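Here are some notes to read alongside the model. Please have the structure open as you go through them.

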Amino acid sequence: MKVIIDGITIDVEPGTSILNAARMIGGEIVPPAMCYYSKLEGSGGKCRTCLVKVSKGSEKDPRPMPKLVASCRTTVMDGMEVQNITSPEVKEARKGVVEMLLINHPLDCPVCDQAGECHLQDLSYEHGSEATRYEFERRTFDRIDIGDKIQLHMTRCILCYRCVYVADQLTEKREHGILGRGDASEISTYIEKAIDNDFSGNVIDVCPVGALTDKTFRFKQRVWFSKPVDAHRDCPTCTGKVALWYKGEDVIRVTGRKDVYGEVEDFICNTCRFEKKNTSDWVIEGPRQISNRSVISSNHYEQLAPPPVVRKNLALQAANKEEFERATKH
Ligand code: SF4
Ligand code: FES
């Protein structure tokens, strides 16, 4: 099926969502996603940050869709035309969604461990307003320890359900879910029961904000001062492919390796995440490549390969320069 997103045409398989079609193109036309997670079945459709405008429904029925649609939950039709960054309406709506998410989310980035890798923080920089119009008291919750390694700070939760899907799909015994309705909804571990199965730590990696954090890492270091390194070990439970985060010589945190959309490549087990904090436990592969748009890339001087289009332009510039020098030599 042919679909055009912000003027760029791509062919995709039937059944592909608009969001995934945009991801196949890549770059800044990809809508942000706070709740969709490609590795978690059924995720998406909760946060509305991925709204786009369908200006042409399909080749057969070219009428535009009457309302903005969630791109993670809408599949493409042949000949569909979609607008994301080229639509002022979408930008305005996204601003509204961010304002709505920030109604209850505290602006405590200076003391939040997720700062620097928080998707809501990025979104509020791009689309947020500088002041809130909300006059009511924000809802607050006490912090809850989920076992001795994970802490839930429900005050920061945006109810994206990703952690619930992790508990549902990755662990044998689900002890974690959302209770209540509307603004009384909250993540619960059913009377604060510890999640003690092998893959429970992945709730930390999938949480887009700082609601679920690694207690073994809390307040150890701002993430942009640490040095991320790819490493692996022969693990009987998971793939053993991780990112190690160093403070000097010490491994202060172990996480899954996240891609450009903040999704882990592989879910890792709790032994790798919490028990293997010595360099000698791992085979080091090399420094982790961090996009230079991320705050985590500050203090890292690795030379990233430029994207193909930039490489092409650089080659063109070099060829032009050579030709110019040849022509002006005599
Ligand atoms: S705790 Fe995090 S992952 Fe779970 S629903 Fe809230 S924001 Fe989403
Ligand atoms: S990512 Fe589509 S609704 Fe949340």
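1. The unreviewed UniProt entry annotates residues 89-128 as "domain: 4Fe-4S His(Cys)3-ligated-type". Such annotations may be inferred rather than shown by experiment; positions follow the numbering used here, and feature names are shortened. The end C-alpha atoms of this span lie 15 Å apart. The span is 62% helix and 0% strand.

2. The model is predicted: local features need pLDDT of at least 70, side-chain atom pairs count only at pLDDT 80 or more, and totals for chains, interfaces and linings use all residues. Residues are numbered from 1 along each chain as its sequence is written, while chains are lettered from A and ligands numbered from 1 in the order in which they are written.

3. Helix α2 is residues 88-104 and helix α3 is residues 119-127. Their axes come within 10 Å and cross at roughly 130°.

4. Which residues of α2 meet α3? They are R94, K95, V98, L101 and L102, and they meet L120, L123, S124 and H127 (contact means C-beta atoms, placed from the backbone, within 7 Å).

5. Ligand 1 has 14 residues around it. C157, C160, C163, C207 and A211 come nearest. The shell holds 13 nonpolar residues, no polar ones and 1 charged.

Methods. A residue is near a molecule or strand if its C-beta atom, placed from the backbone, lies within 6 Å of it. Ala, Val, Leu, Ile, Met, Phe, Trp, Tyr, Cys and Pro count as nonpolar, Asp, Glu, Lys and Arg as charged, and the others, Gly among them, as polar. Axes are lines fitted to C-alpha atoms, for helices over the stretch in contact, and angles run from 0 to 180 degrees between N-to-C directions. Helices (H or I, at least four residues) and strands (E, at least two) are DSSP runs, numbered from the N terminus. Two residues are in contact if their C-beta atoms, placed from the backbone, lie within 7 Å.
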